Amino acid sequence: MSPRTQPEQHPPPVQWLRLRYARRGRARFTSHRDFSRAFERALRRAAVPMAYSSGFSPHPRISYANAAPTGAASEAEFLEIGLTATRDPEQVRAELDRALPAGLDIVAAQVSPGDTMADRLTGSRWQIDVTGVEAAVLDRAVAAFLAREAVEVSRMTKSGLRTFDARAAVRDLRVDEGRLIATIAHQVPLVRPDDLLVALSEVEPTWRPPHPPLLTRLVQGQLDDTTGDIAAPL
């Protein structure tokens, strides 16, 4: 039996770019897998000189981090791409933005500073638009939630039904002109804004929004637990 031919070894990237993108309008229903396919097509259309991994199944050097759940809009999604040639970040941003479908928008780009992006994403600020719920119910639900030391919720995961404390991750929750603004720390398991909505129904019996709330991630980055500020990694 002849020895197996070794696969082609690709050189490492000469430049990494960090991109911030948004999911807006109907594009919020795009799953992470759908976005990945659309983004790889956009890379080819824009002729971005992508670096590839080595091995028998090379794939483009793309690093994703903490994507928002399907159905949620976002102004603060992040990824990094490795290139085989140095390019102007703004030019790459503009070309990719033109190549992507409407609602998937590349809004900022810079040369990666070389740190681990996941380490810079420790918290998010979410806007939760709720319709059909009286202001008094909103206020009661928020006050009851914040007064609790723990509020357990359950969610189906790939490994089965999991129960966890949603209260510990919420650093701030307030009502602002009929909508909720929540600052949530990233922890394991990750507490999502839909988990927060379930938790509100646990502490306030009259919390029954007649329509699904609209979830929008406003900011994502490094959370300062002392001030509640979030420093974006871009």
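Visitor: In which strand is the place of Glu77?
Guide: This is a predicted model in which local features need pLDDT of at least 70, side-chain atom pairs count only at pLDDT 80 or more, and totals for chains, interfaces and linings use all residues. Residues are numbered from 1 along each chain as its sequence is written, and side-chain values use heavy atoms, with hydrogens and water left out. Strands (E, at least two residues) and helices (H or I, at least four) are DSSP runs numbered from the N terminus. Glu77 is in strand β3.

Visitor: Is Glu77 buried or exposed?
Guide: The relative accessibility of Glu77 is 1%. Since buried means under 20% relative accessible area, exposed over 50% and partly exposed in between (1.4 Å probe, protein chains only), Glu77 counts as buried.

Visitor: With which side chain does the side chain of Glu77 make a polar contact?
Guide: A polar atom of the Glu77 side chain lies 2.8 Å from the backbone nitrogen of Ala68. A polar contact is a pair of N or O atoms within 3.5 Å, one able to donate a hydrogen and the other to accept it within protein; residues adjacent in sequence count only through two side-chain atoms. At 2.6 Å, the side-chain partner of Glu77 is Ser74.

Visitor: Which residue whose side chain lies 2.9 Å from that of Arg217 makes a polar contact with it?
Guide: Arg217 is found in strand β10 (residues 214-223) and is buried, with a relative accessible area of 2%. Its contacts (heavy atoms within 4.5 Å) beyond four places in sequence include Glu77, Trp126 and His186. A polar atom of the Arg217 side chain also lies 2.9 Å from the backbone oxygen of Asn66. The polar contact between side chains, at 2.9 Å, is with Ser124.

Visitor: How far apart are the ring centres of Tyr21 and Phe35?
Guide: Glu77 touches Tyr21 as well as Leu19 and Arg20, among others. Both Tyr21 and Phe35 are buried. Rings of Phe, Tyr and Trp (its six-membered ring) pair if their centres lie within 6.5 Å, with planes under 30 degrees apart stacked, over 60 edge-to-face and the rest tilted. The planes of Tyr21 and Phe35 are at 5°, so the pair is stacked, with centres separated by 4.2 Å.

Visitor: How many residues apart in sequence are the parts that Phe35 and Tyr64 tie together?
Guide: Phe35 and Tyr64 form an edge-to-face pair, 6.4 Å centre to centre with 80° between the planes. Phe35 is buried at 1% relative accessible area, whereas Tyr64 is partly exposed at 25%. Phe35 lies in helix α1 and Tyr64 in strand β2 (residues 62-65), so the pair ties together parts whose separation in residues is 29.

Visitor: Which elements do the buried residues of α2 pack against?
Guide: Helix α2 covers residues 89-99, and its buried residues are Pro89, Val92, Arg93, Ala94, Leu96 and Ala99. They pack against β1, α1, β3 (73-83) and β4 (104-111).

Visitor: At roughly what angle do the axes of α3 and α4 cross?
Guide: Axes are lines fitted to C-alpha atoms, for helices over the stretch in contact, with angles from 0 to 180 degrees between N-to-C directions. The axes of helix α3 (residues 135-147) and helix α4 (residues 193-203) come within 9 Å, and the contact is made by Ala141, Val142, Ala144 and Phe145 of α3 and Leu196, Ala199, Leu200 and Val203 of α4. The crossing angle is roughly 95°.
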